Amino acid sequence: MTDEKIEYIQWYPGHMAKANREIKEKLKLINVVIEVVDARLPLSSKNPEINQYTWNKQHILLLNKADLADPEVSQDWIDWFKKNTDIQQIMLYDAFDRRQKTELVKNIQTLNVKNKAQIKCLVCGIPNVGKSTVINSLIGKKKTQVGNKPGVTKGQQWLSTPENLMLLDTPGILWPKFEDPAVGLHLAWLGSIKDTLYEKENIAADLLKYLVAYYPDELEAIYKISVVDRNLPEIFDAIAKSRGLLIKGGEYDYTRTSVLILNDFKNGRIGRITLERP
Ligand SMILES: Nc1nc2c(ncn2[C@@H]2O[C@H](COP(=O)(O)OP(=O)(O)OP(=O)(O)O)[C@@H](O)[C@H]2O)c(=O)[nH]1
Ligand SMILES: [Mg+2]
């Protein structure tokens with residue numbers, strides 16, 4: 001697929017424009033914006049339009065799914081965000097880690113907010129970064145619906161924590177135009193846009209290219225292949241062969257191989273991987 005074709009794909013559906021409008025209507029009530037991004041792609045998964053919500057609010061940035069990201073690169077990102085933004089709190093976050101939940105609550109309570117008795121937080125970000133999971137972790141109950149695909153949360157919902165923090169769960173929203181067409185592919189790796197928008201083979205080939213460059217040992221270990229002196233199509237073939245993914249006639253099944261690589265990445269099976277560097 002050419003870059004030109006990627007750019008014209010319709011990935012900003014009407015319901016996101018609506019979700020964006022509904023957030024804007026609530027902004028007057030909000031004290032704190034908790035912006036959630038994916039630690040594996042902290043910049044590509046950061047919706048630039050969220051700056052419109054945060055300019056007069058306290059702002060917390062969560063690099064969520066830190067358990068799936070490369071710890072060394074995550075630290076580089078934390079340093080980068082501290083240096084290059086004026087966001088009040090920046091945290092590497094794993095929504096399933098109880099200690100971090102306690103730390104996040106403390107961080108929210110120390111922010112400069114008038115009515116500390118009931119702090120109102122907007123939880124926002126692109127689809128599938130873990131907004132609803134973060135909320136469940138804070139309230140200590142599975143009250144919001146979660147799932148590893150985009151668009152699980154369909155409407156807004158207020159929830160309160162035992163500490164009396166009010167949290168507004170919102171549907172994931174993207175922005176209308178990706179300046180860099182590659183961002184669309186990256187978001188498909190994360191499951192933040194429907195992977196049916198792109199050819200699976202293209203998304204997987206792009207991901208594999210990055211993995212070969214930065215995480216060759218992890219690739220070799222999971223697929224029991226060698227990547228040394230092999231080009232991308234040869235590595236694709238090697239993975240298909242190693243997993244016995246063939247179609248009739250003994251040809252390699254590229255679609256199933258692509259789905260395998262994408263799912264292994266999405267579920268953290270390849271290892272702790274970060275797909276962009278500061
Ligand atoms: N490993 C890991 N998985 C996480 C974490 N947080 C969320 N997830 C998983 O990510 C997937 C998406 O989580 P959701 O909470 O539904 O994401 P969301 O941002 O609310 O998604 P939408 O409502 O579709 O916009 C689920 O499969 C979660 O279990 C985390 O910190 N670590
Ligand atoms: Mg959700």
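Predicted model: local features only at pLDDT ≥ 70, side-chain atom pairs only at ≥ 80, totals over all residues.
The annotation makes a handy starting point. An unreviewed UniProt entry puts a "binding site" at Asn64, Lys65, Ala66, Asp67, Asn128, Val129, Gly130, Lys131, Ser132, Thr133 and Gly172. From this set, Asn64, Lys65, Asp67, Asn128, Val129, Gly130, Lys131, Ser132, Thr133 and Gly172 turn up in the lining of the largest pocket.

Next comes the ligand itself. Ligand 1 has 23 residues around it, and the ones that come nearest are Asp67, Lys131, Thr133, Val152 and Thr153. As for individual atom pairs, the side chain of Lys131 places an N or O atom 2.7 Å from an oxygen atom of ligand 1. Asn64 also uses its side chain, with a polar atom 3.1 Å from a nitrogen atom of the ligand. With Val129 it is the backbone that takes part: one of its N or O atoms sits 3.3 Å from a ligand oxygen atom. On its own, ligand 1 would expose 660 Å², and the protein buries 90% of that.

Two of the annotated residues are worth a look one by one. Ser132 belongs to helix H6, which covers residues 131-139. With a relative accessible area of 6%, Ser132 falls under the 20% cut-off and so counts as buried. Setting aside residues up to four places away in sequence, Ser132 touches Thr144, Gln145, Val146, Thr153 and Asp169. One of these, Thr153, is also among the residues that come nearest to ligand 1.

Beyond its neighbours within four places in sequence, Gly172 is in contact with Met16, Gly125, Ile126, Pro127 and Lys131. Lys131 is the residue whose side chain has an N or O atom 2.7 Å from a ligand oxygen.

Gln89 has a relative accessible area of 19%, and because the cut-off is 20%, it still qualifies as buried. With residues up to four places away in sequence left out, the contacts of Gln89 are His59, Ile60, Leu61, Asn107, Thr110 and Leu111.

Definitions and conventions. Residues numbered from 1 in each chain as written. Chains lettered and ligands numbered in written order. Heavy atoms only, no water. UniProt positions renumbered as here; feature names shortened; annotations may be inferred. 1 Å grid on protein atoms, 1.4 Å probe; cavity = no way out; pocket = protein on both sides within 12 Å on 5 of 7 lines; lining within 4 Å. Helix = DSSP H or I, 4+ residues; strand = E, 2+ residues; numbered from the N terminus. Buried < 20%, exposed > 50% of the residue type's maximum accessible area, 1.4 Å probe, protein only. Contact = heavy atoms within 4.5 Å. Near = heavy atom within 4 Å. Polar contact = N/O pair within 3.5 Å; in protein donor to acceptor, adjacent residues only side chain to side chain. Areas by Shrake-Rupley, 256 points an atom, 1.4 Å probe, with all protein chains shown as cover.
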